[in-house]
Amino acid sequence: MSLEKTISGEIMAAMKAKDAVRLSALRNIKKYIIEAKTSGTAVDELPDADVIRIITKLAKQGTDSAAIYTQQNRADLAEEELAQVKVMQEFLPQQLTAGELTAEIKAIIAETGASSMKDMGRVMGVASKRLAGRADGKDISAKVKELLA
């Protein structure tokens, strides 16, 4: 079953369970999926990679919002954001640990034949595609800089 259909089914389950936080997070994801489907060429179902990209973006936005709410002493809003992020993370692939990220990037550097910072763009292009949804772009960039320096 595709990720989009899974999310639709989870919306129904959240409505039946009267889980407001989960329902809100899932509806937000569904809204962005529908927008993505209708923005370009009409497709019946969005590929899982695109859905993961949408969920990753939403989870990052939620985490950033929670940090801002925490700075402004709005713990109630921060908790709500983090609860929604937790729901979103259920649909994302397992995040790479620091060691796994280093190993993956070393392999990509070897594969692309990169040897200096001049090659960072080539390494980032491959790494961003291969590690999409499994590592944050900032973490990937920082590790590539560290290993090429």
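Trainee: Hi! What covers the buried residues of α2?

Mentor: Hello! This is a predicted model. In it, the cover over the buried residues of α2 includes α1 (3-17), α3 (48-71) and α4 (75-89).

Trainee: Okay, and which residues of α2 are buried?

Mentor: They are R22, L23, A25, L26, I29, K30, I33 and K37. These residues cover an arc of only 165° around the axis, so they sit on the same side of α2.

Trainee: Then which exposed residues does the face turned away from that buried side carry?

Mentor: That face of α2 carries the exposed residues A20, T38 and S39.

Trainee: How far apart are the end C-alpha atoms of α2?

Mentor: They are 28 Å apart. Helix α2 has 20 residues, 20-39, and at 1.5 Å a residue it should span 28 Å, so the two values agree.

Trainee: Switching to the loops now. Where does K18 lie?

Mentor: K18 is in the loop between α1 and α2. Its phi is positive, about 55°, although K18 is not a glycine.

Trainee: Is K18 buried or exposed?

Mentor: K18 is exposed, as its relative accessible area is 74%, and the cut-off for exposed is over 50%.

Trainee: And N73, where is that one found?

Mentor: Look at the loop between α3 and α4 for N73. N73 is not a glycine, yet it has a positive phi of about 55°.

Trainee: What is the relative accessibility of N73?

Mentor: It is 72%, so N73 counts as exposed.

Technical notes
Residues are numbered from 1 along each chain as its sequence is written. This is a predicted model: local features need pLDDT of at least 70, side-chain atom pairs count only at pLDDT 80 or more; totals for chains, interfaces and linings use all residues. Side-chain values use heavy atoms; hydrogens and water are left out. Helices (H or I, at least four residues) and strands (E, at least two) are DSSP runs, numbered from the N terminus. The expected span of a helix is 1.5 Å times one less than its number of residues. Buried means under 20% relative accessible area, exposed over 50%, partly exposed in between (1.4 Å probe, protein chains only). The arc is that of the directions from the helix axis to the C-beta atoms. Contact means heavy atoms within 4.5 Å.
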